[in-house]
Amino acid sequence: MRRIFRLCGLLAGVFILSGCVVVGAPPPPERPRLRHEDPATVAMDTDPAELFAWYLDSARLLSAWRFREGRLSVQRLKLATLPPEMEFLVGDLGRLLLKEGSILEAADGWLRDAAHLIAAGRPEEARRLLAQMSAYLRRGEVLFDDVAEAMEDLARRTRIRELPADSPQRQAYEELLRVAARVRALLTASRTAAIDTSSAAAFAGLLPIDTRLEIDEPVPAYPGRRLTIRGRAVEQAPIPSGRAVRLWLDGVLIGRFPLGPFSMSLDLPPATLPGAHALIARVEARGRYLGAEARRTLTVTRLAPAVRLQTPAYGIAPGLLTLRGEATSQLSLVGDGTIAARLGPAARETSTDREGRFILGLAVPPNLNLVGLETVAVDVRPREPWHAPAGTLGRVFIINLVSLFLASFVLPVLGAVYVLWRSMGVRAGEATLPADVVTVLAPSGAEPPRLKVSPAANTVAQIYVEAQRLIARASGIAIEPDMTMREFLARSQPVVRSAAFEELTLLAERAVYSAHRPGQTVNRRAAGLLERIREDAAHGHG
Amino acid sequence: MVTARFLGTVVFLTVAAVTVVLWVLPSSTDYSPSNPRWNGLRSVAREHGATGIDSFDALPSGANTVLVVIPFLPPTAAEVTRLLGFVAAGGTLVLMDDFGAGNAVLEGLGVETRFAGQPLADGLFNHRSARLPRIIDIVPSPLTAGVELLVLNHATAISPLGSLRAVALSSAVSYLDTNDSGRRDAGEPKGPFPVAAVGRIGGGSLVLVADSSLLLNAMLPLGDNRRLAANIFALGGAHPRVLLDEAHLPRRPLDAAKAGLRAGREIISLPLAAFILTTAALAIPLMSLYRPARR
């Protein structure tokens, strides 16, 4: 009970003191407020009225004959976060807008083709194309009504008309209505132009002039090396606009060319990071001439040189290990590059020569763990920016003189320890004999005991001890510590005559003092003799 | 005598209990590399083997080192000088800031680029809230390989961009919420704004991210944030050494205590201290066995 009280007191003390430590801790100093929140628990807070600003940008692109960009813009709304009740409506509106954009693009193309056919003196083919286009545009007008209806529904749901007139969302909505009206007018004008070939030719003459711009797929480039970029810009105009193609790499203007095929070579800056880089060519719009843009991804990479390493078959530790090798590359020689070699704790640096070859002496320390087949690592850090660091591994057999010396010293010691251990083990085996046996078999001056006693001999000896006790009890003859088995037999025989004890004494003598190891037969014989001795001892004679 | 022993035991057990609790208890401090909650950096620290550093005194040099600095607290002029030396020697400095002291670092580095310091919002492209904008305009670059979408958390914009190159831009309907109204109002700057940029300074690289929360445990799985983090660290090569500046992060008393314990562990792991402790650990039980014979 007292112990329980002490334990409770101890716990209470620890608790109180811990509390004091916690309470006594200084309060955290005032810091600037952190601004972030758990995205898993953040409250829904989106503004669907912003949809009109986005649709406005998409509609502007479509009405400016930038059909592909307009469609991409509409498709990006898939990434928007909307209230669940508006998701279906916005999805539906997006599909309608995409179809409308496709119709506009197709109508534009067909109208231009029809104009070319008329100019080429093929009016029948142009008429067929215009008829097809007219039907297609009728579908576009129906779709446009659907778009307008969906837009009106969206305006109701977002209450866009209730926003202040100067709010950006409201202004975007108003502007969107104006752009939509222009698109509607374009559809109507296109359908009207499709009535006959002369109207189509006249209308096509009013269409903006298309500009096509392409950049050839660039080959992988290397920092610090020359890069060639090719492309072409074509405008379908009777009178050249005189505009220029501007070329940007990672937002930096790198070239300016007249329209037509263009090509430029530049040395990529040595510090250019490996990876993807943006290559953009642009022709600005001017008057009736449409602008154009082409994008390519330029992959900048670095080439790892091939490293060949020659290592000697073996090395001595401590000693100097001579490594030879060569770094080669398809791009250029790997001259004056840094070579770093490592073997365990040993490390050394050197440089390649102008051809990329190197010879390096590595001082191998006498570390005990450096022995046998070891790995040599060689890293190459080229000087050229277009080369990436490279490395290779070699194997060398290390003969460690320190280990050898220690082994030659330790092995004999271990041998001696083993011999000593064996001898101590036998002594320990002797010590396992029963105390009685040791007493009885105490060495005499005339006959020293054998050291090796087998377990079988131990059994015979124990049987003998048991028999000896029986005879001693029956004869009343005390067992002396320095008495031999034969002496005890000689003393006891006159009193208790037992032929069995005589035979057992001989067996025990042979088992304990001779090199003979008794087997199971001897053990059984000894056990049988013990039974007979019991009877002899009981009757007082043999 | 018994009272003294009792008090000694109480004090010893208290110190041991407090030490164990301080060591085991996870930090809940924002941006802490040992914080496993939503606002910690444990995921990124574990995934990239980031090592926390408490000062810039011994910044390693070399192209394979990437140092992430979230300047919640302003660095000193000497610290900025060390950062400049680190980048000039070929290191990669990743500066992630929104409303902190990032501009002081940029000024010290001698670049014209600045963090706008105004909250970036996007009412349309966002993760549930306008303050968690989705970044959908990704420019091809070594930082953005495999990145199509990023999610920010109470971020700002990079403006002006200066000589750096924008690699991620907010949407055209994003805006800087200068009056903190939560809605785009007339006169507020409209996107797209650069939110991540990269450039070269001396022999090293400077990466700017206009959001200090991009690497938080809860933000890493959103969009391609994890991929962006991997790309940023890959600027240090195949086996980069990632360091995380903890000196300019918010810190609570628990973190200070943990730092103290870590320092203590480092001291006792020194060979001499370890030898003394081992000797003492062996000697004390042996001394208790030795008792002079009583007469």
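View 1. Ala218(B) is buried, having 20 other C-beta atoms within 10 Å; a residue counts as buried if 20 or more other C-beta atoms, placed from the backbone, lie within 10 Å of its own, as exposed if 12 or fewer do, and as partly exposed in between. The model is predicted: local features need pLDDT of at least 70, side-chain atom pairs count only at pLDDT 80 or more, and totals for chains, interfaces and linings use all residues. Residues are numbered from 1 along each chain as its sequence is written, while chains are lettered from A and ligands numbered from 1 in the order in which they are written. Ala218(B) sits in the loop between strand 12 (204–209) and helix 5 (225–234) of chain B; helices (H or I, at least four residues) and strands (E, at least two) are DSSP runs, numbered from the N terminus. Leaving aside neighbours within four places in sequence, Ala218(B) is in contact (C-beta atoms within 7 Å) with Asp38(A), Pro39(A), Ala40(A) and Trp38(B). Between Ala218(B) and Gly236(B) there are 25 Å in space, C-alpha to C-alpha, and the two are 18 residues apart in sequence.

**View 2. The contact of chain A with chain B.** Chain A gives 46 residues to this contact and chain B gives 48 residues. On the side of chain A, helix 1 (2–23), helix 2 (51–63), helix 6 and strand 6 (275–283) each give two or more residues. The largest share, 6 residues, comes from helix 1 of chain A.

**View 3. Helix 5 and helix 6 of chain A.** Helix 5 (residues 123–158) and helix 6 (residues 168–193) of chain A pack at an angle of about 165 degrees, with their axes 9 Å apart. Axes are lines fitted to C-alpha atoms over the stretch in contact, and angles run from 0 to 180 degrees between N-to-C directions. The two helices of chain A are therefore roughly antiparallel to each other, a term for angles over 145 degrees. Among the residues in this contact are Leu137(A) and Phe144(A) of helix 5 and Tyr173(A) and Leu187(A) of helix 6.

**View 4. The largest nonpolar core.** This core has 121 residues, and those with the most contacts inside it are Phe52(A), Ala114(A), Val94(B), Ala168(B), Val195(B) and Leu208(B). A nonpolar core is a set of buried Ala, Val, Leu, Ile, Met, Phe, Trp, Tyr and Cys residues joined through C-beta atoms within 7 Å. Helix 4 (residues 84–119) of chain A provides the largest share of this core, 13 residues. Not counting residues up to four places away in sequence, Ala114(A) touches Ala126(A), Leu129(A), Leu130(A), Ala200(A) and Ala204(A).

Technical notes: Two residues are in contact if their C-beta atoms, placed from the backbone, lie within 7 Å. Angles under 35 degrees count as roughly parallel, over 145 as roughly antiparallel, 65 to 115 as roughly perpendicular and the rest as oblique.
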